[in-house]
Amino acid sequence: MTEDLAAIDAYLRETTASVVSVADEGIVLDRTVFYARGGGQPGDTGVLEWSGGSVAITDTLKRSGEVFHVPGGSPPPVGTAVVARIDWDRRHTLMRTHTALHVLSAVIWRDFDAKVTGGNMEPGVARMDFELDSISVEFGKDVESRLNAALAGNHPVTVRFVPRAEALADPDLIRTKVSLIPETVDPIRVIEASARFSPATR
Ligand SMILES: [Zn+2]
């Protein structure tokens, strides 16, 4: 299986790797910094470069646990040593968008007891659906100021891995209406944006 370097360090922009296989879905590397679309976040774009060639990567997706880099042109042959580099500006904007959505869901959960039922995300633009009876323009403005107050706290964002059973048993951790995390995901990667949202202080 592809070593998922971004899961450990989301700030890596490139890595050396070698081509394991080339399938209809895309190129499989032995390791990668590309984020495969999932969890509401689009897949990374970027480029693979090797001695004498390069190909743009237009999307990244996961099938049966394998990460596929979708090429925009002719892929390198199996065994080729490549540098895999993501479009960092796009990815960083997606990371910020994604983190903002999680803080939004935390604020709505903390202050209005509503869970997330859906959403969509593009770089810098996103939609999030909540289980609320009704909303108004005033409510939107209220949420916006609560969200901005939370973001102004500039809390550190940390990453940890929690066994699936433990994570699902924690009602404060999984804020989606139904668990949207595929059953094969174990352990679950937990991103913590603030101690303010822990059960003790909610
Ligand atoms: Zn997320």
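## Close-up views of a predicted model

**View 1. The largest nonpolar core.** Of the 17 residues in this core, the ones touching the most other members are Ile27, Leu29, Phe34, Leu48, Val55, Ile57 and Val82. Here a nonpolar core means a set of buried Ala, Val, Leu, Ile, Met, Phe, Trp, Tyr and Cys residues joined through side-chain atoms within 4.5 Å. Buried means under 20% relative accessible area, exposed means over 50%, and partly exposed is in between (1.4 Å probe, protein chains only). Strands S2 (14-22), S3 (27-29), S5, S6 and S8 (81-86), along with helix H2, each give two or more residues to this core. S8 gives the most, with three residues. Helices (H or I, at least four residues) and strands (E, at least two) are DSSP runs, numbered from the N terminus.

A word on the model itself: this is a predicted model, in which local features need pLDDT of at least 70 and side-chain atom pairs count only at pLDDT 80 or more, while totals for chains, interfaces and linings use all residues. Residues are numbered from 1 along each chain as its sequence is written, and side-chain values use heavy atoms, with hydrogens and water left out.

View 2. Setting aside neighbours within four places in sequence, Val55 is in contact (heavy atoms within 4.5 Å) with Ile27, Gly46, Val47, Leu48, Trp50, Pro71, Gly72, Gly73, Ser74 and Pro76. There is also a second, separate core of 14 residues, and Leu101, Val107, Val116 and Phe139 are among them.

**View 3. Helix H3, one face in and one face out.** H3 covers residues 137-152, so to speak 16 residues in a row, and reaches 22 Å from its first C-alpha to its last, close to the 22 Å expected at 1.5 Å a residue. That expected span is 1.5 Å times one less than the number of residues. Which residues of H3 are buried? They are Phe139, Val143, Leu147 and Ala150. Seen down the helix axis, these buried residues fall within an arc of 65°, so they line one face of H3; the arc is taken from the directions from the helix axis to the C-beta atoms. They pack against helix H2 (88-112). On the face turned away from the buried side sit the exposed residues Val137, Glu138, Lys141 and Ala152. Just after H3, Asn154 takes a positive phi of about 50°.

View 4. Side chains of opposite charge can pair when their charged atoms come close. A salt bridge here is a side-chain nitrogen of Lys or Arg within 4 Å of a carboxyl oxygen of Asp or Glu, and by this rule the count comes to eight. In this view Arg146 bridges to Asp111, with the closest N and O atoms 2.9 Å apart. The pair links distant parts of the chain, with Arg146 in helix H3 and Asp111 in helix H2, 35 residues apart. Arg146 is partly exposed at 31% relative accessibility, and Asp111 is partly exposed at 27%. Salt bridges that share partners join Arg110, Asp111, Asp142 and Arg146 into one network.

View 5. Arg37 and Asp59 meet side chain to side chain in a salt bridge (2.7 Å, N to O). Arg37 is in the loop between S4 and S5, Asp59 is in strand S6 (residues 53-63), and the two are 22 residues apart. Arg37 is partly exposed at 42% relative accessibility, whereas Asp59 is buried at 18%. Arg91 and Asp44 form another salt bridge (2.9 Å, N to O). Arg91 lies in helix H2 and Asp44 in the loop between S4 and S5, so this pair ties together parts 47 residues apart in sequence. Are these two partners buried or exposed? Arg91 is buried at 3% relative accessibility, and Asp44 is buried at 1%.

View 6. Gln41 sits in the loop between strand S4 (31-32) and strand S5 (46-50). With 6% relative accessibility, Gln41 counts as buried. Its side chain makes a polar contact with the side chain of His98 (2.6 Å). A polar contact is a pair of N or O atoms within 3.5 Å; within protein, one must be able to donate a hydrogen and the other to accept it, and residues adjacent in sequence count only if both atoms are side-chain atoms. Beyond neighbours within four places in sequence, Gln41 is in contact with Tyr35, Arg91, Leu94, His98 and Met121.
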